[in-house]
Number of protein chains: 2
Amino acid sequence: MSSIKVVTAAMVAIGDELLSGRTKDKNIGHLADMMTMVGIDLKEVRIVADDEAAIVEAINAVRSRYDYVFTSGGIGPTHDDITADAVSRAFGVECIYESEAMALLGAMYERRNMEFTDARKRMARMPLGARHIPNPVSTAPGFAIGNVHVMAGVPQVFQAMLDALLPGLNVGSPLLSRTVRSPFGEGDIGSPLTEVQKNHPETSIGSYPKFDGKTFSTDIVVRARDPEALAAAEADVQAMIQAIADARAKG
Amino acid sequence: MSSIKVVTAAMVAIGDELLSGRTKDKNIGHLADMMTMVGIDLKEVRIVADDEAAIVEAINAVRSRYDYVFTSGGIGPTHDDITADAVSRAFGVECIYESEAMALLGAMYERRNMEFTDARKRMARMPLGARHIPNPVSTAPGFAIGNVHVMAGVPQVFQAMLDALLPGLNVGSPLLSRTVRSPFGEGDIGSPLTEVQKNHPETSIGSYPKFDGKTFSTDIVVRARDPEALAAAEADVQAMIQAIADARAKG
């Protein structure tokens, strides 16, 4: 068995609109996919309102516990965009109009012959000492301080910022997975599957019911970082399903 | 101004599959819509893994802080369905095979000529003293203890359980909202909108950028519990957009 490295992350999705139902979040699922792909374990997600105290509490709760924190939302130019202030407060540093971001934005608005309003200048605010996260879509950068990475809520911009970050992340051994489709519901497979899990402690076996409006079937997902452990558990899951089918055919 | 009543809620969505990206959650957005409709403020959502300590911590963090807690996931028949155990531990009570749930499930499997396996019996487990939440889709009940309401992760079942709960909830004054569409981006409206928000402190004005691949526009959402306050703020937002349009036409 090769050496296994585990890297963890949490997400804080920020915005009243996610909690009112007005906007259906798309960033959590995208981050989850990307983390799984590169080999980082997303352990926890919190959705909080545009409320400074709530953002500070969530950021501080997760940043000491996981290797990486990713946030979405609240970095635009309007009064309800308070993520830069909240993250500054969480780290106990000043929130400044960062000079490089001011230059980038100023030049962009000049090119487009648009006024660089006080509202737009808000998009250059970040905690003192933060690094930029480039924004190829609409210029206004995200930022990172410590292990916290602050990105936009608009999915196109969130995705572009994450793409820019991924190559620089310290990643773990990818968690491998295999899905075995079971025509039987969880009630039929639950007991034997518990045995399979006990026999393969180095894997994590999940069971996900699917309901088509009439009957339940199950997707069984075997996860492991070691390919041999994965293959052995997958084989036992397949044998288990075959055994149930055989018993029914006889019965 | 009529008397305003505020009722709050949090959600805990439980499941490894939500954090791996395998399943894209649909229950958070649905709960958010329903809470807004009935007049309950959803203040916070946490997504946690199928991990007893993580579930217990999340439940205990939110149940003392909000009027209602709703959970999704982890109440099926397999080894990774541990929500009943975790909620029991959070409340410090025994997790039992509840007799009425055993009778319901036993009768259902007998009608369908199916074996009531040990795995299926797991679905009758709940904290001692919990009330049932009926499940018209697939019989196995959810449950409520204190202010915590435990529902299934399969969206059809989650929605049916929530429908059963809604009429019995103690609801607040509904939060009313109006959306004003602005053809201008947040950078153009940010400064004047801050003024509108200052002049209408009894409303909450949110600003949501939309990006069509080329330009940004903005949905401005005014929220209030008092209809007159809502109408006054909405009128000022519309006047603000007209003023920007007029200035451009002149300019």
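Buried area is the accessible area that two parts lose on being put together, summed over both. With that in hand, let's work through some exercises on this predicted model.

**Exercise 1. Describe how much surface chain A and chain B bury between them, and which residues of chain A lose the most area.**

Solution. Start with the total: about 4500 Å² is buried between chain A and chain B. Next, look at the atoms behind that figure; carbon and sulfur give 53% of the area. Then turn to the chain A side, where Leu19(A), Arg22(A) and His79(A) lose the most area to chain B. Together these residues account for 14% of what that side buries.

**Exercise 2. Work out how many residues each chain brings to the contact, and what kinds of residue chain A supplies.**

Solution. Counting contacts gives 58 residues from chain A and 58 residues from chain B. Now sort the side of chain A that touches chain B: 21 of its residues are nonpolar, 19 polar and 18 charged.

**Exercise 3. Find the polar links across the interface and the elements of chain A that take part in the contact.**

Solution. Between chain A and chain B there are 28 residue pairs in polar contact. The elements of chain A that each supply at least two residues to the side touching chain B include α1 (16-20), α2 (27-38), β10 (204-211) and β11 (216-224). The biggest contribution comes from α8(A), with eight residues. For salt bridges, the count between the two chains is eight. One to find in the viewer joins Lys24(B) to Asp33(A), with the closest N and O atoms 3.1 Å apart; this passes the cut-off of within 4 Å.

**Exercise 4. Determine in which sense β2(A) pairs with β2 of chain B, and name the bridge partner of Ile47(A).**

**Exercise 5. Locate the two ends of the salt bridge between Asp219(A) and Arg181(A).**

Solution. Over all chains the count is 26 salt bridges. In this one, the closest N and O atoms are 3.0 Å apart. Asp219(A) sits in strand β11 of chain A and Arg181(A) in strand β9 (residues 176-182). The partners are 38 residues apart, and the pair links distant parts of the chain.

**Exercise 6. Characterise the annotated domain of chain A.**

Solution. An unreviewed UniProt entry lists residues 10-172 of chain A as "domain: MoaB/Mog". That span is 40% helix and 21% strand, and its end C-alpha atoms lie 15 Å apart.

Notes
Residues numbered from 1 in each chain as written. Chains lettered and ligands numbered in written order. Predicted model: local features only at pLDDT ≥ 70, side-chain atom pairs only at ≥ 80, totals over all residues. Heavy atoms only, no water. UniProt positions renumbered as here; feature names shortened; annotations may be inferred. Helix = DSSP H or I, 4+ residues; strand = E, 2+ residues; numbered from the N terminus. Contact = heavy atoms within 4.5 Å. Buried area = accessible area lost by both parts, 1.4 Å probe. Salt bridge = Lys/Arg side-chain N within 4 Å of Asp/Glu carboxyl O. Polar contact = N/O pair within 3.5 Å; in protein donor to acceptor, adjacent residues only side chain to side chain. Nonpolar A, V, L, I, M, F, W, Y, C, P; charged D, E, K, R; others polar. Pairing = 2+ DSSP bridges.
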